[in-house]
Structure formats: C-alpha cells, structure tokens
Amino acid sequence: MKLLFFGDIIGRAGRRAIAQVLPDFLKIHQPDFIIGNTDNLAHGKGVTKKVLEEMMSIGFNGFTAGDHAFDNAVASEVFADDKYPIARPANFENTAMGRGFVRLPGGSRGDLLIINLMGQVFLKEPYTSPFTAIDEILSVEKAKGNLIGVLVDLHAEATSEKIAFGWHVAGKVTAVIGTHTHVPTADEWIMPGGTAYLTDAGMIGVRESVIGVKKEQSLQRFLTGEQVRLEPVEEGEVIVSSVLVEFDPATMKAQKIERLTQAVTIL
C-alpha cells in the first residue's frame, strides 16, 4: 500500500497548488491514503471547517497539525467534531480538545493510525515528552489490533530531536515524517526494522518568501526586532513538497520512501 504525505500547507496558495498537482499524483502514484499537515492551512494559522472540507473534497483522507493548531479562533469547531479526521499534537499539555491520533479506515485489511506529536527543543509551549507519549499511544493502540500501518508526524524544530525520535521508534512504526521548519531535508531512508524516515517534509508555499510568509515582514522583524504580523504569500511559484511511502500492510513495515517535489504557479 502507499501513503502520500504533504508537508506544511501554507494558506490559499498552498491549497490551490495541491489541488492543481494532485490529479497527476493520483494517476502516477495511486496512493491509498492522502494526508497533509494543516498547521498553516487557513491563512497561515491553523484550520477552519471550510478549508479542511476543501481539502477533503479533493481527496485527502487525514490531517495532522502542530504548534498553531489552536491559533485560529474557530479551531475548536474542527477539533471538537469527530467527523474531521484530524490529529492535533497528542503531547499538548493540559489540552483535552480533539484527538492526538486518528485511525483511517483501510478497507478489510485494517486501519492506518496517524499520530501527531510536538518536539520540545527550541519550542516555548509546555509540551510533554514525545518519546513518552509515543510509547503510551502505541501500547494502547497496538493492543486493539486491526492496524495496517502507523504514521507519525513529528512537528519539531531541532533536527537532532527528530533523528533521535526516529531511532526511538525504529521498527515500531511504519513511518516518521518531520514537519514544522518548512524546509525539506534530503535524508529519507528506511531505518532498521522497516521504518521510513524523513527529518522534514518541507512546505507547500511560495518560493519567493521566508518559509511561506512575506519576506518584507520577516526582514522587518530581523532588522528592527519589531513583532510585526507575518502573513502568507498568496501567489507566485509554489513549491509542492510531499513524500510517498510504500509499505506492507501485513507487517506494517515500509518498503520505499520517496520525496516528490513540484513547482506550480498560482495567481
């Protein structure tokens, strides 16, 4: 089976770019699951029902989030509604809203479990350990059975933390794909035990930007120290960064991981 994962989707430009490239991706790669990170989906800050339904209408099966999960004023409407297959970080401290993991139906064979976790290094919010959290989740969910695979989106800043996490779960999950930095890494491989790993999937955002936001605003912050509002760039050449993982549903082990990158112009 195959799962196609899209990195941090940045606002309107990111959504429109995916809608443009996805039909060809479906024909060429024929994924069984399409999953995307929604941390910046709604104008750069979290999700709304409208944008989530927009992505579901073009074929997405499941979603993950990150540190901006609850930044949007209407996020509670999404996370409180179980009809939306979205996982918020499972290790948010003192956050009961929503689910930290979601089972996506994979037909008679079983479910794909998608888990969202936050890293702790260089991040300000009070997140509990992703290492402890993953152990607890796997202990419970694997005992329930009926799984064909486990995908973990580790939304984290530090590459060392992501790599260490990969080693911690090597052989225990199907894939670990990092998000958050918006900058793709080139270290995809199958770890010992059959776990597909990539430190960061990158973004679906405009190239002429600073990780998806207007470069003038970002430069103003760096040059003056002012906390100006950062807004996503909504048109231009968009880099679509995604990852294709092929796995055996009988063993839950990955067989292949491939980065897929395409550029499209959004006006």
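In what order do the six strands of the open sheet run? Select them and read across: β5-β6-β7-β8-β10-β9, with mixed pairing. Strands here are DSSP runs of E, at least two residues, and helices are runs of H or I, at least four, numbered from the N terminus. Two strands pair if DSSP finds at least two bridges between them.

This is a predicted model: local features need pLDDT of at least 70, side-chain atom pairs count only at pLDDT 80 or more, and totals for chains, interfaces and linings use all residues. Residues are numbered from 1 along each chain as its sequence is written, and side-chain values use heavy atoms, with hydrogens and water left out.

β5 (101-105) and β9 each pair on one side only.

Next, select β7 (residues 147-155). It pairs with β8 in the parallel sense over five bridges. Find H155: T179 in β8 stands opposite.

Now show α4. This helix packs on the sheet and touches β5, β6 (111-118) and β7. Contact means heavy atoms within 4.5 Å.

Axes are lines fitted to C-alpha atoms, for helices over the stretch in contact, and angles run from 0 to 180 degrees between N-to-C directions.

Finish at T181, in the loop between β8 (175-179) and β9 (189-191). Its neighbours, not counting residues up to four places away in sequence, are A156, E157, K162, D200 and I211.
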